[in-house]
Amino acid sequence: MKRLEYQEETVERFTSYLETLVAKRDAADRFAELARQNQMEPPVVDWCAQTWEALKAAGVLPKAKDANGAHFVPPWLPRADGIGRPVPNVCLRLPTGAGKTYLATRGIEQLQRLYYRRSHGLVLWIVPSDAIYSQTWKALANREHPYRMTLERASGGRVKLLRRGDAFAKVDAENYLCVFVMMMAAAARQETDVLKMFQDTGRYPGFFPVEDDFEAQRELLKLVPNLEMLDLAEGAWGGGPTVKQSLGNVLCLTRPTVILDEGHTAYTPTRRKTLAKFNPSFILELSATPNRAKEQQCNVLHSVTGMALKKEEMVKLPLNLHNAGQGDWKDTLIAANGKLEELQALAERELQESGRYVRPILLVRVERTGKDQTEAGKVHADHVRKFLHERLGAKEGEVAEKSSAEDQLSVHNLMDDQCPVRFILTKAALQEGWDCPFAYVLALLD
């Protein structure tokens, strides 16, 4: 995998931040230990804020604009876990297509090396949608993919990939880099008790004392007082407290690294409260649109511009736009198909001359999908599919739908030269971030 200049710069900036953060944390720990040795109450030191101020003084933090257009470095925005401990939390602002997933794995690698100084632990990787979940899981599960290879390097070849419902033990977290991929909606709701991850199970051996060892239960609660407890209706043992043996409590105990893909989707009070409840030891956000407006929800450590992607030829140029002000959707589709055929001829010539395979794809955004969405006047995926086959000569298997009603892309590798797909119909999948480098033509029929 080719390493791009802006990606390496991002990793260098994150590494420099961690080096300063660790120095401030270690100094605070030494000061606290000295106070305890002298039978004094250790002072409260916000080493996360100290780190931010040190970087601000060094002039390496990105600037924002105030209401008058003046540039300034935003102040540090503190976050605490479920029992009040400070949590380092920074955001990498990266345009769409910049390689957020790859940079997340590089960030984990640096965290393991510098911040934790270990190769094991638990990473809670949170994604905002089904599409990004499937895409991320597929890449991380592939041992030959650069993302997985980066994690293998960070863990000394001991990666354990997990998803909701998988059983794992304390010895796994102590010997492997356990990467738990989860959708935000699976955890962040108002009524947490109805969610499986907060239900009592026996799937996590080693993390909890036996149910009737009340002394051990009390000691665990002293260490982690925000653990959820069983009540009598849930089978709590009489005579003392009983900690739920739930995934939610496992997260509280292990203090995971939290990776927030599209971090701006986790700014609601419920989602922020949920993340705090997991007692994270570090939060790394990656977003194209972090929110620094009224709520000031994140600490932007580094910002990559669109020009950096253009320099690395990550943006397909030229961008040719045509607005069909007259005619109906069929005229637009005919014009888009004509452009597709033009590009296909170029792709075939490219294959003959260089051996490089390219299969241009036409991505079509419709107004409606699903069986119950066929009201008159709205462009439906079924209408477009029929027109492509009957009027534009699309062959069997060349048209695939990607929507909440149909996911016909799940069985295809779009980059495979044996894949037949040349037309993709969708309504909202464009918002969810999925990879299709061959999608050269976009037709918006709404």
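Leaving aside residues up to four places away in sequence, E312 touches K2, L4, E5 and Y6. The model is a predicted one, and in it E312 sits in the loop between helix 10 (306–311) and helix 11 (329–354). With a relative accessible area of 16%, E312 counts as buried, because the cut-off for that label is under 20%.

Now for the cavities. Searching the whole structure turns up one cavity of 30 Å³ or more, and the largest cavity holds about 30 Å³ of space. Its lining is made up of T10, V11, F14, L92, L103, R106, G107 and Q110. Sorted by type, these lining residues come out as four nonpolar, three polar and one charged. Two helices, helix 1 (5–37) and helix 3 (100–116), each give at least two residues to the lining of the largest cavity. Helix 3 provides the largest share of that lining, at four residues. As a bit of background, an α-helix has 3.6 residues a turn, so residues three or four places apart point the same way.

Helix 9 is the next stop. This helix spans residues 269–277, and T274, L275 and A276 are buried in it. Just past the end of helix 9 comes N279, which adopts a positive phi of about 55°.

Definitions and conventions:
Residues are numbered from 1 along each chain as its sequence is written. This is a predicted model: local features need pLDDT of at least 70, side-chain atom pairs count only at pLDDT 80 or more; totals for chains, interfaces and linings use all residues. Side-chain values use heavy atoms; hydrogens and water are left out. Buried means under 20% relative accessible area, exposed over 50%, partly exposed in between (1.4 Å probe, protein chains only). Contact means heavy atoms within 4.5 Å. On a 1 Å grid over the protein atoms alone, a cavity is a set of points where a 1.4 Å probe fits but cannot get out, and a pocket is an open set with protein on both sides within 12 Å along at least five of seven lines; lining residues have an atom within 4 Å of a point. Grid points are joined across faces, edges and corners, and a volume is the space filled by probe spheres set on the points. Ala, Val, Leu, Ile, Met, Phe, Trp, Tyr, Cys and Pro count as nonpolar, Asp, Glu, Lys and Arg as charged, and the others, Gly among them, as polar.
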